[in-house]
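Colleague: I would like to learn how to read a metal site and charged pairs in a model. Could you take me through them?

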Amino acid sequence: MKMRAAVLHEQGRARPFADSRPMTIEELDIEGPRADEVLIEMVAAGLCHSDLSTLQGHRLRRLPTVLGHEGGGIVREVGPGVGEIKVGDHVVLGPVLACGECRDCLTGHPALCTASQAAKSHGTMLDGTSRLSWDGREIFHTSGVSCFAEYSVASRFSLVVIDPDLPLAESALFGCAVMTGVGAVVNTARVPAGAAIAVVGLGGVGLSAILGGTLAGAEKIVAVDVHDEKLSLAREIGATHSFRASDENCAEAVRELTDGGVDFAFEMSGVTRGMKTAYDLLRRGGVMVTASLPSAAEEFAFNAYDLVSGEKTVRGCYMGSCVPKRDIPRFLRMYKRGRLPVEKLMSAMITLDDVNLGFDHLAEGRMARQVIGFIGG
Ligand SMILES: NC(=O)c1ccc[n+]([C@@H]2O[C@H](COP(=O)([O-])OP(=O)(O)OC[C@H]3O[C@@H](n4cnc5c(N)ncnc54)[C@H](O)[C@@H]3O)[C@@H](O)[C@H]2O)c1
Ligand SMILES: [Zn+2]
Ligand SMILES: [Zn+2]
């Protein structure tokens, strides 16, 4: 079958991407689903900083590829073995490409699935092959999703069936941003009610962590970013205080406000500088949780004596330590009850043709989540 898709040709092109055009919209061939796979007609796909990092060349990918790993759509065809998933189901797609059988999957850590790592780094589906081609030439997949396209073939483990009454554009954000940000707070850190938390970096992921903080009942929720627009949005959705990261006395002011520092500092800025800021906000015994994925070449240093004498913890967080089938429906139920107002994270709906420009806007840091809209939705 033919479909329109955004094909990434080269990493590391200069900004503005609207001029250098690392992605072009092409007519690709997409094969039907094989065993354990479904074909999805995309309705919405979110722009995540992880795709921006791929555009910037911060992590190498097999090219040409189709980016996009957070989306909502409707099942149009099912392969053998997909169980209860049926044509017409509404689904949320995310980058947790899991095998369902390895030790990590069986112990409730599908995002760490070792079997899927190979497929992700080779740009293929779990069976090591691609369903995408362009004039007979192989096109690689991204995280088993590749949803900057009218259709996606995905493993049944990459998606969750949702209530058809839910809007697919907002639901799409649960595939990566919400799963990661809310999951960081409620799963990775298990923030107790009454805690003082800070969130450094207020994109789709960080703002979701602010929402997670309100859901968990944190008493103080301190928002930190370099853009004032982001600080205002964070206060609108539940941050109790906000500070500009670039202000020299930012860390000191947060420590003063929180009686010696926060219990949990969530770092979601995408840069190692943000990690340093987050670490400096911790009280003694505090925990820093970072979801940032800066360039693979970068390292993060902290004072070894302070780590030990202050009994601090630095913890990585991948996909909010979520089990998508357990957590996406649970977070969506909270959204439906108004407890996770994810619609406030949507800065703009854009078209597939404007995808390069959308990443320029994301790189400027002023947009929360932009969503590509495909069909009526
Ligand atoms: N671990 C995971 O599972 C996972 C999942 C999704 C995204 N990510 C990563 O999380 C990071 C955030 O993703 P996003 O889509 O929300 O990004 P984004 O670009 O939308 O947001 C980043 C925010 O950080 C702010 N910022 C930049 N430099 C800063 C600094 N020095 N101090 C404070 N704030 C600063 C920006 O102004 C922006 O508001 C990226 O690195 C992304 O790759 C990780
Ligand atoms: Zn993402
Ligand atoms: Zn597995």
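Predicted model: local features only at pLDDT ≥ 70, side-chain atom pairs only at ≥ 80, totals over all residues.

Colleague: Which protein atoms are the donors of the zinc ion (ligand 3)?

Modeller: Donors are N, O and S atoms within 2.8 Å of the metal. Here the SG atoms of Cys-99, Cys-102, Cys-105 and Cys-113 lie 2.3 to 2.4 Å from the zinc ion (ligand 3). Along the chain these donors are spaced as C-x2-C-x2-C-x7-C. Cys-99 and Cys-105 are buried.

Colleague: What is the arrangement of the 4 donor atoms around the zinc ion (ligand 3)?

Modeller: Four donors count as tetrahedral if all angles lie between 85 and 135 degrees. The angles at this zinc ion (ligand 3) are 106 to 117 degrees, so the arrangement is tetrahedral.

Colleague: How many salt bridges does the count come to?

Modeller: A salt bridge is a side-chain nitrogen of Lys or Arg within 4 Å of a carboxyl oxygen of Asp or Glu. The count comes to 20. One of them pairs Arg-4 with Asp-353, with the closest N and O atoms 2.9 Å apart. Arg-4 is in strand S1 and Asp-353 in the loop between strand S16 and helix H13, so the pair ties together parts 349 residues apart in sequence.

Colleague: Is Asp-89 buried or exposed?

Modeller: Buried means under 20% relative accessible area. Asp-89 has 9% relative accessibility, so this residue counts as buried. Its side chain meets that of Lys-86 in a salt bridge, 3.1 Å from N to O.

Note on methods. Residues numbered from 1 in each chain as written. Chains lettered and ligands numbered in written order. Heavy atoms only, no water. Donors = N, O, S within 2.8 Å, 3.2 Å for Na, K, Ca; no water. Tetrahedral: all angles 85-135°; square planar, octahedral: opposite > 155°, others 65-115°. Buried < 20%, exposed > 50% of the residue type's maximum accessible area, 1.4 Å probe, protein only. Helix = DSSP H or I, 4+ residues; strand = E, 2+ residues; numbered from the N terminus.
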